[in-house]
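Take a moment with the sequence and the model before reading on.

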Amino acid sequence: MVTKEMETLSPEALSLFGKPTKAKLIERVVFWGFRVGTYFVLACAASIFIDIFYKGGKTVFQSEYPFINVEFLTGSPQTLHVFEHDGASYELSDSDFRVFKEEAGVSIVSDTYAYSGGGIWPCIVGTVLLVVGSMAIALTLGILSAIFLSEYSKPGKVLNAVRLSILNLAGVPSIVFGIFGMGMFVLAFGWNVSLIAGWFTLAFMVLPIVISASEESMRAIPQGLRDASLALGASKWTAIRTNVLPYAMPGILTSSIIGVARVAGETAPIMFTAAYALRDQLPWQGLEHWYDFFFQGVMALPYHIYVVSAKIPQNEYTSRMQYGTAFVFLFIVAGITLISILLRIRMRKKYRW
Amino acid sequence: MSLVTDKLTTKSLIETGELYSEMTEINRSLINISNFDFFYGEKQALFDVNMDIKEREVTAFIGPSGCGKSTLLRCINRMNDLIDVARIGSGKITVNGVDIYDDRVDTIELRKRVGMVFQKSNPFPKSIYENVVYGLRIQGISRKSKLDESVERCLKGAALWEEVKDRLDTSGLSLSGGQQQRLCIARALAVEPDILLMDEPCSALDPVATAKVEELIHTLKDRYTIVIVTHNMQQAARVSEKTAFFYLGKLIEMNATDQIFMSPEKEQTEAYISGRFG
Amino acid sequence: MNEVDPDNRYDLNSSRKSFLGITWEQALKGLFGGNALVSIVVLGLITLFLFKEGVGFFGQYRESLSLHRQSGLEYVELIREELDSFSALEKYLNSIRSMQSEQLTAEGMEFKEIKATLREDEEFFYDFEDLGYPLREYVLDSNEVAIAARDRYEEMLNLRVHRSNLIEIGKTQEAEALVINDVDLEQLFELLKSKETDFIEINRKFRQSIPNIIEQAPLYENTELAAKMSRFRELSAMFLEELPGYEASLLSWDRKKPIGIGESFTAFVFGNKWVTNSSIQDWYGIAPLFLGSLLISLIAMIIAIPLGVGAAIYVNQVATPIEQTIIKPYIEFISAIPSVVIGFFGIAVFGTLVREVSGWEALSWISFFPMSERLTGFTAGGLLALMAIPTIFTLAEDALNNVPLSYKEASMAMGSTRLQTIIRIIVPTALSGIISAVLLGFGRVIGETMVVLLCAGNRIEIPRFSEGLGVVFEPVHTMTGIIAQELGEVVNGSIHYRALFVVGLTLFVISLLINYMAQKIVIKFQISRG
């Protein structure tokens, strides 16, 4: 290590080159520990994604045209019949099986697997309906409340208490909202297991999140902007409309997308309020009155996953259904979340006070 | 660590050093900066800086905001390493003859010898005592007598001892601004550096506190080499032997302080000193 | 509304339009305020509703427990305890037999030969078993009487309610036609009490015959078997010593002792049984569920805290900028995986994997491996850790980010290593934020439903902490899980329904406490950044 150049230096100067000390060794070891831990977490999560996307992909996609398993995405869950006929083995959904039987004109004995045939279209529809309805309620109530709390209310003890309780409610477990929705909407209001009961339950679950996030993004806007606008003769609402909401919008938008992901992903609140394990008809079929639409239960992706993975006997055929459903569900929720994360990163760069 | 001039140092003595040295004693050059270019990302912050900083002298960096004086200061103990986009273009800085940007140089050892006091006083949220002994503790020194001795010595060195000796257990954040800054100086002294870099140490202080810190700098220069960045030209005139004037990332002029203020060679220097810009 | 004079620029009267004396501004403010009011009222309503539905439970539970006492079921249970101890003795004895047969098989004996060998001392075992018959019969009979008494009493109560309902809607005739037999619980109980002498007699026989029978116990040459047999003798002696205790507890038991609301409360909080739809008596004790939730959360936190905080420190202090821009959103992204998907992954992959790993030769030195169950507290806890990590990571990283850069600079400028700076300056400064991050992670874990419902194994029993670390690999049930599992089947207003509401209320209170604490800690220990 001793070079010519170094020989000319004083020992004091040489000590600048440092020596491996215990502290440095410990530092290196500990940092490696952190690094390994961090990547371990990433790997664990990746293993879930890979497992579900790989195995689920086999259900959702296929090697022949049209490459996507249309029946799975557009059909209803059915019983799967597995049988042999004329030396060939078949796996057919219940409806196809009946047609096949009629054409063949003979009685065929088949092994049946509940929930393993058909598709998950009603679940997708149900989830979308639940999300749209509950977010409409939550955003209306939430954003308007946030405007009031941030812009109109007088600061003081009451406001702080309200804020604190809203913040606290944001951490209440979803099952508690589930039991509340069941007791309140399903039983006390007599709405039964219905779309509307699910909407309100989910809406109240995300309401605290929407309110506190929206309010926070409004409060983050410098008072100077409002003052400047008011000083130019704008009314309070004009000041809010032109100088608060536009800049707070990104924050509000992000928080509402997070809310969407949460609403779409939760199972516990809809288990007893809105979700059916199996329903033949799609929500718009067979309605006597238009308002019946709101008072019908629907199938939903998360509940469907729960049903097919916990309530029915497991075998290779159900496993296909499970992974396929999980794939579609994860794809939807992860997609929404990804949008919100990307949006937030972009917004952070754009607005800095 | 004492800085007794040994035979090696005479070799590196720069003849011209005597010319503008006010001190009768011949000082050797401790920090040498040559052809130094520095970048923040794509933006060049320093252009071809050359200078010698003498041992046990106070050197002041002056210049308008954004002229690169703080940047250069932070290069001397490689604090810029903490900024991801910072990089050196060309040239080198040597301390005691060693190129501090050499790969083999240990920034930790470097920073033990080149202490720093920041613009905004930044005591840790710990007691006064713990603030001072922090540097010793991280070196593994934990003997109470040694720490006590060091706390007293450094606080005295920073002219703070009389004011805080009865409340060493209170939080460093409970002190006034000027006291906090002197605490930070005491903290830096505890590591026994040779060089003290001061980045506008008085900019956040009131005139009384500023006077105290300046007084402190006067007493410290017997033992330490001090480089101080300041906005305040009077301050530079009061405390320093040498003054370097920076403008737009370039070292415009460096000379004995009297000379800079009385008869600057460059027009820009004169313009700045006489208050026409900056 | 005033006419605006274009020449007078200083007419400061409002020129805004109003409708019914309300300006557009005021209307808007009203709209916002109204919405805020609705939101706050609704959120308050949730709390009230949970309380309203839950509080009734304690009264109902008290009635149920009172009936349990008055009908004599509690009395029978006291006797059943003796029977349970005796059954435990029998079980122990049988374990000696099966051990012997295992040993013989290991020695390479044929099945027939084993049978013959075992038959040699068959008599002793049968005799001992026979001793239990009278007691068993006695318990069964008493139980039947007590249940019949309770059922008839309940039927009477139901009919009374039915009658008053009929009268209310005006069907007096039907109401009068109802025949309601008054049931006198005391009289029925006397039936039980009168047989108490039989019980004393049974115990007397025990005292007499057990020592006799034990003398005929086979003497084994095998040391292990002999040790077990001598242990059995000790246990039987202990059983005999306990007999007076059972008798005394019967005597001191008082049918008329009233059960207060406080007792029903303690029975709920400390009760170690959660039994529903039982023919004998339903028990609603939250302890097994609460401890189950706690155990799973602890497992999850033990895994998640080092990983979450470590990752936060790594990303904030150590990682390169490129790593930072990738890892941060990635970990945030993990929190988006729906819990039911994680639960499904637990059933489909993780549970099996854990059990397989536990079967590895290399791990056979661990006493509780290989594990027999696939779905255990550990399975659920491990997955919950993955859900808690993003919460802990994000908040802890924020806290670290808020540590002023000047602290770091000051520390580094004195020549400390990065690790020293992290440990001595950055982490202590951010500690309050990190603690609250951990608390919120804990809150998320204890309130999580789907993962525990799917992966925890759902066995309602107080986790056996006495087994040391092995308790981690036992199936448990949780508060959230029980609600999800049972809420679908309950009758509106029934005691079971209300019990679930109280469990929900407990969860609600716990989560509020955790959140509140997390916020307080952040505010209280916030450093001044002056």
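## Chain C overall

This is a predicted model. Chain C has 19 helices and four strands. Its radius of gyration is 34 Å, well over the 24 Å that the globule rule gives for 530 residues, so chain C is more spread out than a compact globule. Along the principal axes, the C-alpha atoms of chain C fill a box of roughly 120 × 85 × 40 Å.

Of the 530 residues of chain C, 50% count as buried. The accessible surface of this chain comes to about 26,200 Å². Carbon and sulfur atoms account for 58% of that surface. Take the contacts in chain C between residues at least 6 apart in sequence: 78% of them join residues at least 24 apart. Chain C carries 44 positive and 64 negative side chains. The centres of these two sets lie 7 Å apart.

## Chain A overall

Chain A has 14 helices and three strands.

In chain A, 52% of the 353 residues count as buried. The accessible surface of chain A is about 16,900 Å², with 63% belonging to carbon and sulfur atoms. Of the contacts in chain A between residues at least 6 apart in sequence, 75% join residues at least 24 apart. Chain A has 27 positive and 24 negative charges, and their mean positions are 19 Å apart.

## Aromatic pairs

Over all chains, the structure holds 54 aromatic pairs. One of them joins A:F180 and C:F49. This pair is edge-to-face, with 5.6 Å centre to centre and 85 degrees between the planes. The pair crosses between chains: A:F180 sits in helix α8 (residues 174-188) of chain A, and C:F49 in helix α1 (residues 24-70) of chain C. Both A:F180 and C:F49 are buried. Both also belong to one aromatic cluster, whose members include A:W191, A:F295, C:Y497 and C:F501.

Another pair is formed by B:F36 and B:Y101. It is tilted, at 6.1 Å centre to centre and 40 degrees between the planes. B:F36 lies in strand β1 (residues 29-40) of chain B, while B:Y101 lies in the loop between β6 (98-99) and α3 (107-113), so the pair ties together parts that are 65 residues apart in sequence. B:F36 has 0% relative accessibility and counts as buried. B:Y101 is buried too, with a relative accessible area of 16%.

## A buried glycine in chain C

C:G441 is found in helix α16 (residues 418-446) of chain C. Its relative accessible area is 0%, so C:G441 is buried. Which residues does C:G441 touch, not counting those up to four places away in sequence? They are C:M301, C:A388, C:T391 and C:I392. C:L395 is 46 residues from C:G441 in sequence, yet the two are 9.3 Å apart in space, C-alpha to C-alpha.

## An enclosed helix

Helix α18 (residues 479-486) of chain C has eight residues, and seven of them are buried, so this helix is largely enclosed by the rest of the structure. The buried residues of α18(C) are C:M479, C:T480, C:G481, C:I482, C:I483, C:A484 and C:E486.

Conventions. Residues are numbered from 1 along each chain as its sequence is written. Chains are lettered from A and ligands numbered from 1 in the order in which they are written. This is a predicted model: local features need pLDDT of at least 70, side-chain atom pairs count only at pLDDT 80 or more; totals for chains, interfaces and linings use all residues. Side-chain values use heavy atoms; hydrogens and water are left out. Helices (H or I, at least four residues) and strands (E, at least two) are DSSP runs, numbered from the N terminus. The radius of gyration is taken over C-alpha atoms; the globule rule is 2.2 Å times the number of residues to the power 0.38. Buried means under 20% relative accessible area, exposed over 50%, partly exposed in between (1.4 Å probe, protein chains only). Contact means heavy atoms within 4.5 Å. Accessible areas come from the Shrake-Rupley method with a 1.4 Å probe; for residues, only the protein chains shown count as cover. Lys and Arg count as positive and Asp and Glu as negative; His and the chain ends are not counted. The place of a charge is taken as NZ of Lys, CZ of Arg, CG of Asp or CD of Glu. Rings of Phe, Tyr and Trp (its six-membered ring) pair if their centres lie within 6.5 Å; planes under 30 degrees apart count as stacked, over 60 as edge-to-face and the rest as tilted.
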